Amino acid sequence: MGYQLSFTQIWHNFDKLWYGLILSIELALVAIAIGALIGLTLAILYVSSGRIVRAMISGYVEFIRNVPLLLLVYLVFYGLPTVVDIRYGAQVSFVATLSIYSGAYLVEVFRSGLDAVPRGLLDAGKAMGLTPWQRLLYVRLPTMARITLPSLSNTFISLFKDTSIASVIAVPELTFGAQWINNRTFRIVEVYAVTTVMYLAAGYLILFGLRLLERRFRVDR
Amino acid sequence: MSAPPLLQIARLTKSFGMIQVLKSVDLDVAAGEVVTVIGPSGSGKTTLLRCVNFLEAYDGGSIKIDGREVGYVDSAGGKKRSEVDLASMRAETGMVFQSFNLFPHLTAEENVMLGPRRVLKKPLNEAREIARHWLDRVGLAHKAKSLPSELSGGQQQRVGIARAVALGPKILLLDEITSALDPELVNEVLDVVRQLAADGMTMMIVTHEIGFARDASDRIVFMTDGTISAQGSPDALMAQVSDNERLRNFLSRFSATTH
C-alpha cells in the first residue's frame with residue numbers, strides 16, 4: 001500500500017474542472033430550456049389532437065426513450081453530417097442531441113401533468129365562459145405546473161448528470177476536464193473524487209432551488 | 001300576455017351510451033324565479049343542469065336562454081356552436097359546483113376576478129372592484145388574499161358563488177352546492193343563496209336539502225328516471241304527495257333522517 005493521496009496536481013489544473021462545471025451547467029440549462037419548449041408544445045398538441053398526431057408524438061417519445069443517449073450523441077455528431085450536408089461543432093451537436101432527448105422525457109412529464117388537472121377545474125373555466133385558449137392559459141397550464149414540479153426536478157437533475165456524456169465528443173465539460181487531468185497526472189482517485197464532489201454539490205444546489213420553487217407553488221398545503 | 005320565460009327547455013333528451021338519462025324534459029324558468037330540482041340519485045337532475053350551460057351536449061329537444069338556442073346553431077343534433085360562441089353563451093349563465101372547483105393557484109379575489117377580467121374584458125381595477133364587492137356580499141372581504149387551500153369548505157363555496165355571480169349572469173345554476181360540506185357549514189352557504197333569491201336572481205338549484213327547497217324556492221321540480229314526475233309551488237307539491245307514490249317514498253326518506 002504505497003499509494004499516497006496527492007491533490008497538488010489537481011489544484012494546479014483546477015481551472016479545467018471549474019470551467020468544465022460551468023460549461024456542464026450551461027449545456028444543461030440550454031438543453032433543458034429547448035427540451036421544455038419541445039416537451040410543452042408536443043404535450044399540448046398531444047392532449048388536443050387526434051389519433052395520427054398522437055401516434056407521431058408517441059413514436060418520437062418511444063424512439064428516444066429506447067435508444068441510449070450515448071448512441072444518439074454519436075449519431076448526431078458523426079452520423080448525421082456524413083449523410084446530409086450540415087456542419088456543426090461538438091457543443092452545438094451535443095446541445096441539439098440533449099434537447100431532443102430531454103424533450104421526449106418532458107413530453108411525458110407535461111402530458112401526465114395536463115391529464116392530472118381535475119376535470120372540475122376545466123368545467124369551472126368552461127362554465128364562466130373562458131375560451132379554449134383562455135382555459136389552457138389561465139387554468140390548465142398553471143395547475144399543471146404545480147402538479148409536475150416534483151417530477152420536473154428529478155428530470156432536470158438527471159439531465160444535468162447526462163451532460164457528462166458530452167466528453168465522448170471532446171466537449172470540454174466537467175467529465176472531460178477530469179479525463180484531461182487524469183491523462184496527464186495519473187491521479188485517478190484524486191481527480192474523480194474531486195469531480196464527484198463537484199457534481200454532487202451542483203446537483204444539490206439545483207435541487208435546492210427547485211424545492212424552493214415547489215414549496216412556493218404547491219397546490220395543497 | 002306575460003314576457004316569455006328566460007329559460008325554455010323543451011322535449012330535452014340526453015343519453016350516455018345506451019342509457020337514456022333525460023327522456024323528454026319540459027321546463028320553463030321565468031326571470032326572477034327560483035326553481036329547485038329534487039329527486040333520487042340517477043334521476044338526471046345534475047345532467048339537466050349541465051345541459052343548460054352545455055357542459056353536457058344534449059341529443060334532442062331544445063334549450064333556449066332569452067330565445068337563443070344554447071349549444072347548437074339551429075336545433076339539437078345539428079351544427080354545434082363554435083367554441084368562442086359557446087364561451088360567450090356560457091358567460092350568460094353562472095354555475096356553482098358540488099366540489100367548489102376553485103382554481104387552486106389563485107387567491108379568492110383572483111378567482112372572482114378572472115371572469116370579469118378575461119371574459120367581460122374589464123380593466124384590472126374594475127375587475128378587482130367587482131371581485132371585492134361580491135366577496136363582501138358573501139361575507140369574505142377579509143379572505144380576499146387567501147388561497148382556496150387556506151379556506152374552509154363553506155368559505156370556498158361562498159367564493160364559488162361570488163365567482164359565478166361576478167359575471168352578472170342571467171341565470172345561476174347551483175349543482176348540489178352543499179353536498180360536500182360538513183353539516184355545520186351548510187347554512188352559511190344557503191344563507192348567501194337566500195340573499196341572492198331575495199335580490200331577484202334567477203336560479204335553478206339541484207339540491208338534497210329538502211327543507212331549503214321548501215322555504216327558498218318559488219317552484220319545486222321532482223325528477224325520477226329522466227322525467228319530471230311532479231312540480232309546483234312548495235305547497236302545491238306537498239299537496240300531491242298522497243297521489244304520487246314515488247314522491248312520497250322520496251320525501252319519507254328525508255323526514256326519517258332529518259327533523
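Start inside chain B. Select strand E3, residues 34–38 of chain B, in this predicted model. Both faces of E3(B) are covered. Show the side chains: Val34(B), Thr36(B) and Ile38(B) sit on one side, Val35(B) and Val37(B) on the other, and all are buried. In a regular strand, side chains alternate between the two faces of the sheet. Five of the five residues of E3(B) are buried, so the strand is largely enclosed by the rest of the structure.

Select strand E8, residues 203–206 of chain B: E3(B) and E8(B) pair in the parallel sense over four bridges. Which residue of E8(B) stands opposite Val35(B)? Look for Met204(B). Next select strand E9, residues 219–224 of chain B. E9(B) is joined to E3(B) by four bridges, and the two strands run parallel. Here Val35(B) stands opposite Arg219(B).

**Stop two: an open sheet in chain B**

Select E1, E2, E4 and E5 of chain B. These four strands form an open sheet in the order E2-E1-E4-E5, with antiparallel pairing. Which strands stand at the edges? They are E2(B), residues 19–29, and E5(B), residues 68–69. Each has a single partner strand, so one side of each is left without a neighbour in the sheet.

Zoom in on E1(B), residues 7–16. Eight bridges join E1(B) to E2(B), and the two run antiparallel. Pick out Ser15(B): its bridge partner in E2(B) is Gln20(B).

Stay in E1(B) and click on Arg11(B), which is found in that strand. Its phi is near 45 degrees, a positive value in a residue other than glycine.

Now jump to Asn101(B). Asn101(B) is found in the loop between E6 and helix H3 (108–119) of chain B. Asn101(B) also has a positive phi, about 55 degrees, although it is not a glycine. With 24 C-beta neighbours inside 10 Å, Asn101(B) counts as buried.

**Stop three: chain B as a whole**

Count nine helices and ten strands. The radius of gyration of chain B is 18 Å, close to the 18 Å that the globule rule gives for 259 residues, so chain B is as compact as a globular protein of that length. Its C-alpha atoms fill a box of roughly 55 × 50 × 40 Å along the principal axes. Of its 259 residues, 46% count as buried. Take the contacts in chain B between residues at least 6 apart in sequence: 62% of them join residues at least 24 apart.

**Stop four: chain A**

Switch to chain A. How many helices and strands does chain A have? The count is nine helices and zero strands. The C-alpha atoms of chain A fill a box of roughly 75 × 50 × 25 Å along the principal axes. Of the 221 residues of chain A, 34% count as buried.

Select H2(A), residues 14–47, and H9(A), residues 188–217. Their axes come within 11 Å and cross at roughly 35 degrees. The crossing is right-handed. Show side chains where the two helices meet. From H2(A) come Leu17(A), Leu21(A) and Ile25(A); they meet Val194(A), Thr195(A), Met198(A) and Ala202(A) in H9(A). The residues of this contact divide into six nonpolar, one polar and no charged.

**Last stop: where the chains touch**

Display both chains. The contact takes 20 residues from chain A and 22 residues from chain B. On the side of chain A that touches chain B, H6 and H7 of chain A each supply at least two residues. H7(A) gives the most to that side, with seven residues. The residues of that side divide into ten nonpolar, five polar and five charged.

Finish on H6(A), residues 119–127. The buried residues of H6(A) are Leu121(A), Asp123(A), Ala124(A), Gly125(A), Lys126(A) and Ala127(A). What covers them? The cover includes helix H7 (132–162) of chain A, together with helix H2 (83–90) and strand E6 (93–96) of chain B. Just after H6(A), click on Gly129(A), which takes a positive phi of about 95 degrees.

Note on methods: Residues numbered from 1 in each chain as written. Chains lettered and ligands numbered in written order. Predicted model: local features only at pLDDT ≥ 70, side-chain atom pairs only at ≥ 80, totals over all residues. Buried ≥ 20, exposed ≤ 12 C-beta atoms within 10 Å, placed from the backbone. Contact = placed C-beta atoms within 7 Å. Rg over C-alpha atoms; globule rule 2.2 N^0.38 Å. Nonpolar A, V, L, I, M, F, W, Y, C, P; charged D, E, K, R; others polar. Axes fitted to C-alpha atoms, helices over the stretch in contact; angles between N-to-C directions. Left-handed = near helix turned anticlockwise from the far one by under 90°. Pairing = 2+ DSSP bridges.
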